[in-house]
Every structure is written in C-alpha cells, then in structure tokens.
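We will go from stop to stop.

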Amino acid sequence: MGTPTEKDELQLFKHMCQELPDPTLVINERGIIKEVSKELTNILEAEPDKLVGNPFEAFLHLFSKESQEKMRKAFQKHIKGEKFPPYTVKMRTEAGTTRFFELNSNRLKVEEELKGIVVTARDITERKKIREQLREYKDRLESAMISGELAWWEMNCKTGAVNFNHGKATMLGYPPNKFSHYTDFTELIHPKDYERTMQAMRDHLNGKKEKYNVTYRIRHRSGEYRWYNDVGGITKWDEEGEPLKVTGIVVNITARKKIQEKMNSLHAWAQKLNKTEEMEGIIEYTLNAIEKTLGFTYAAFFLKEGDFLQIKGNRGFESIPEKFQTLSLKGKGITVKSANMKKAMLVKDVREHPEYIPPSSKIRSELAVPIMIDDELIGVLDIESTQKNAFDTTDQKVLETLASHVAVAINGLREKKKRISLQRLDELRSQFIVMASHEFLTPLTTLKARLEMLQNGYYGKLTKEQEEKIKSLQKTSDHLVQMVEHFRQISKSRSKQLQLEKTKCKLTNLIEIALERYSNILKEEGIMIVKHFDSPLSVRCDKDKMTQVFWNLIENAIDYTKDRILIKGGKGGGTVWISITDNGTGIPEKDQEKIFEPFYRVEKDRYKGDREFYGGGLGLTVCKQIIEQHKGTLQVDSTTGKGSTFTITLPKHNKNNGL
Ligand code: ADP
C-alpha cells in the first residue's frame, strides 16, 4: 500500500462532500478549497468556480467582516491542531437579508497525516429567529411578571415539588431557594385562609372544580400579609389518568384589595356627607374621610370664589401663611393647575415640577383633585406629603371618588337652598295678598254700607234711574268683595294660615242655605231645582267654608245651565258625596282639569249676559282647596252641549276618625 496520490485525495474529498448530511466544503492542508457540495453553493448563493481551486479566503469573504475575523484565527489554530468549536457566522445575501450559519470543522487525517479540513455550514437562520423570539417573549413575560406582581408556578402532584419563576419568591421578600416543596409556600398562608385554599386545590384535583381559583393572604418576609389571587389547573396526567402536574399563576392583588377597602370606608363617609345640611359639615366630613382613607402630611379643602380658590378647611397645617389661603386661578401651583385643567394632578416629586409653590419647603409630593358639578368647577381637594412618591394612582382614584361625593353633597345643598328661598318667596307673596286683601275689604265694606244707605233713601228720595244704577253698583261691589275674599282664602291656605272650625253638621241644611241666597235669581231666570238625598248627610266640617263651596258651585251652575239644576247626595264606602248637575254649555275636555287653577276661565263667548264681567276664575280654586282641607275630593264630569256635574266627596262623620 503506497501513499495516496492526489487523485485519491480528490476522490476522498468528493466522497466526503456527498456523504455528509450538511452542506460541506473541503480544503487541503495548504489551505486551498478542493471541493464544495452543491448544497453549500446553493445556500451560500455562491458560484462553485469562485471557490474551488481558490484559497480558503474566498470562502471567508462570503461572510460579514466580524465573522471573517473570528474564523480566520480559529482556522489557523485548527490547522495547527486545536479543536474548532462550532461558530455562528453572519452573511448578507444578494437580496439584502441576513442569514446565519453554524460552522463546524474537522481535521481530516489519513494514517495520522493531515490531508485537509472538512467544513460544514448549517443554515440556522430560522432556528436563531425562533430562539430570539422565544427569548424576547420570555424577557417580556418576566418583566410583565415583575411589574404586574405576578408569577407562574408548577407543582408535581406526586411529589409536591414546585418549580416557579423567581418572582414568586421575591414578591414575598425571600430568595428563590427557600422554596422547593409546595408546603414551603402554603405554610405562609394566613391561618384563616389556609383551609379554604387547600380545599380549593383538593376540589380541583378531585374533579369537583374545573379550575383551582382562590384568593388568600400570604405572609411577606416583613411579617405583613399580602393578598394573592392564585389560579391554576392540571396540565399533565400520568398513564392511569392521574393528575401529574398543576400549573398556575399567582397575582399580588394587595393594591386592589386596599383600594376596595378604602372605597368601602369612603361609602360610609359619603352617606354622612349626603345627609349634611351645612357647608361646614361637608368640609369637616370630607377632611375626616381623607384622614381615614389616605396617608398625608397636609390636606386642604378649597372652594372656588370668583377667580380665587379659598381654603375652607385643612388638616396637618399648624398655620397657613396668608398668601396660601387664597390662591388666584390666574397664578401658578399644582392646586391651581388642577382647577384650571379640571383634572387630577399627581406629582410624585414636587421639586422636579417647575410650577410648584411650596407652602412649606418640606413638601415632596402632592395630589390635587378638582370638585366638579357637571362642567362647573366648585373647588379642589389637595393632599401633600413630606415623602417623595407618597401618593399613587390608587390614592388618586380614592380622592377622585371622594371629590365626586362632595360635588353631589354640595349640589344637594344648593338645590335645597333654592327650594327654601322659593318657598319663602311664596309665603311672603301669600302674606302680602292676605294683608292687601284686608286693606281692600275695609273701604269696600264702607262703600257697600253707603250704597245701602243711598238705596234706602237715607240721602233723599231716588229716581227710578238712580235706583237702577245703585243696584248695579251694589252687584259690582258684592263681586269685588267676593273676589277679595277668594284672594284671602287662597293665600291663607297656601301659607297654611287657614284654620278650619269643624262642627258636626248636615250638608242638606247647608245646601238649603246656599239655595236661599239665589232664590230670586232662580225665580227670575225660571231655573228648576231638583233635589234627591238618601239621608241628611252628616259630616264634621267648617260650616261657613262649606257653605261658601255650595254657593260657588250653585252660582256656577246657575250661570251656565239652560233651565235645570239637579242636586243629589248619598253615602258609600266611608264617604258622603254630593253632586250638582246642570244641563248647560258643558266644559270641553281639555279645560276640565284647568278650571281648578287660579284665574283659569273657559272662552268668554260661553257666558250668559253681563255675568262674564264678574267671574274672576278663582271660585273653583277656592272650592277645591276647602274640600281638600277637609280631606275630600272635588271632581268634574262634563259633556259640551249637555251639561256638567261637580261632585264632592267627604269622609263620613265617624267618632273614631275625628272628622
Ligand atoms: P268664575 O269666577 O269664572 O266662575 P270658577 O273658578 O268658579 O271661576 O270657574 C272657572 C271656570 O270654569 C269658569 O270661568 C267657567 O268657564 C268654568 N265653569 C265652572 N263651572 C261651570 C259649569 N257649571 N258649566 C260650565 N262651565 C263652568
């Protein structure tokens, strides 16, 4: 067996290239490229002629500069006998994309003599991409877990061993190696939550619950308990179908729990706020609520007054310098900015905030929240601390909720004030009318007396014409008196001055008295009166007032009837009723409710003769008021062209009900 010829060597190199599964290149011991596999020229997008027969440099030149540098040294060492570790090299393709290759190299020895080097290049671009993506996902997940205070875990159901991401331990203030078995964690669970938590896991493992989902408190290294929400499920079963692995995620929900607790205690304060009748009370309760729910060094309650914010109450300040008691809305400062922007301002470090004016140089952080009713700025709630970063978004949410409760309370107070002043105005008006009516009545009574004296011939005998004129004047003055009386009545009952003097009486008697008053007119106009009563209709009522009601209703009936008035009465269901029906013009349906309103009158052309002048539109208003004061009702039922029925119901006289 002689030494192999060059031909033999070539044969060997070719063979290598064909046999090796990876794209391959062979160089001889002098560094000349002797053979290249087709796969290699394909993946490197290279011409075989440019490589074969050329020095190894031609191959190196296909790769990026840094890769060339790295490999040149490695190959030199490799030829001298050192191992060639797999290298990842980079190449830019003609299309401009970057591809990655893993290069491996082996020395080819035949009978201890170095014949050359076999280089394989494996395209790892896709693998690298996926790896990078995975790393990115992992990094992202890790950072999400750290910032979101959540961690994953898995537990071997057979051994109880746990595997978890480190956050699960560090969140509790411990090094990860403290935990290896699930009991290392569960022994830290709050005794009150322990059994419930274990039961939740058992229920899931037994198939009673689809998921393991439980909220518990767990002890932090500091000794303080934190609230966690733990959710998981079986992810692997053994061949017998028994659970093998449970995987889950645990989230620190302490902040959420705290905000919930704060919101709950705020709710109690809000209820007190809403019941407060004075501004001072609202301010006091708000500051108390701030004190109970938020940590702070100083707190202030500002109200907007014109172009200024005025401090109305505070906590923590010994004394506030005058210039900070009133803040101009045109000025600077975080409180003012929050007012002007109508939104919360959370400043973690006031020293980094150019717009801050410190009432005390000790202040480091501040939270200001506007109090708004719809779009109107009412004031600002402001809290400050000597600590940096003293307030977070949870505090902001709490203070914002409080500010909206304050707004509701202030709005309620405003509405109430408005109502009270309207009520007061109404009372004043009624009192005025009562007084003015009284002033009218005195001269009217004198006028009436004088007219009567004139009519009786006290000042000399009258001609027929004079007598007629005086009669007409008397009618007019009677109606004037009636109108003034109506005014007085309505105003008195509005201002609740109207007192009823109730006695036991028979309504049938009162009707007779009322009819008596109109006997002449009834005769003159030929109106027939038909009466039909079941009984005397006993009630307890104010006789005079009730007679006035009948007067009004009968007068109206006379005014509008054709020729007949029917008066009926009866008892039933604990009430006594009386109805007065005429067969006249009737009242259109649209007017039927309105006729009880003051001064409302149906169109003029319906009135008979000269009476239209007298109607003041107050009669029915007075009637309704009187009846309602007797706890009764007055209703109308009417058909135009046929007539109207006015019905009164009153509670029946009964020793027990006092009516
Ligand atoms: P007035 O002093 O004008 O009669 P009222 O308050 O007694 O005032 O009545 C209000 C209005 O109701 C009257 O102007 C009239 O248009 C209508 N009205 C009252 N009673 C009758 C009736 N019996 N028939 C038709 N219309 C009536």
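The tour below covers the cores, a surface patch and some salt bridges.

This is a predicted model, in which local features need pLDDT of at least 70, side-chain atom pairs count only at pLDDT 80 or more, and totals for chains, interfaces and linings use all residues. Numbering runs from 1 along each chain as its sequence is written, and side-chain values use heavy atoms, with hydrogens and water left out.

**Stop 1: the cores**

Select Leu507, Met546, Phe550, Leu553, Ile554 and Phe646. In the largest nonpolar core, which has 40 residues, these touch the most other members. A nonpolar core is a set of buried Ala, Val, Leu, Ile, Met, Phe, Trp, Tyr and Cys residues joined through side-chain atoms within 4.5 Å. Buried means under 20% relative accessible area, exposed over 50%, and partly exposed in between (1.4 Å probe, protein chains only).

Now colour the elements. Those that each supply at least two residues of this core include helix 16 (507-517), helix 18 (543-560) and strand 23 (643-651). Helices (H or I, at least four residues) and strands (E, at least two) are DSSP runs, numbered from the N terminus. Helix 18 gives the largest share, seven residues.

Zoom in on Leu507. Leaving aside residues up to four places away in sequence, its contacts (heavy atoms within 4.5 Å) include Pro536, Met546, Phe550 and Leu650.

Next, select Leu266, Leu303, Ile378 and Phe391. They belong to a second, separate core of 31 residues.

**Stop 2: a surface patch**

Pick Ile130, Leu134 and Tyr137. Together they form a nonpolar surface patch with about 320 Å² of accessible area. Patch residues have over 30% relative accessible area and no salt bridge; like charges are joined within 9 Å, nonpolar side chains (Val, Leu, Ile, Met, Phe, Trp, Tyr) within 5 Å. Areas come from the Shrake-Rupley method with a 1.4 Å probe; for residues, only the protein chains shown count as cover. Ile130 sits in helix 6 (residues 125-147).

**Stop 3: salt bridges**

How many salt bridges does the structure hold? There are 29. Each is a side-chain nitrogen of Lys or Arg within 4 Å of a carboxyl oxygen of Asp or Glu.

- Select Asp22 and Arg122: their side chains form a salt bridge, 2.9 Å from N to O. They link distant parts of the chain, 100 residues apart. Asp22 is buried at 18% relative accessibility; Arg122 is partly exposed at 36%.
- Select Glu277 and Lys416: the closest N and O atoms of this salt bridge are 3.0 Å apart. Glu277 is exposed at 53%, and Lys416 is partly exposed at 28%.
- Finish on Glu57, Glu69 and Arg72, which a network of salt bridges links.
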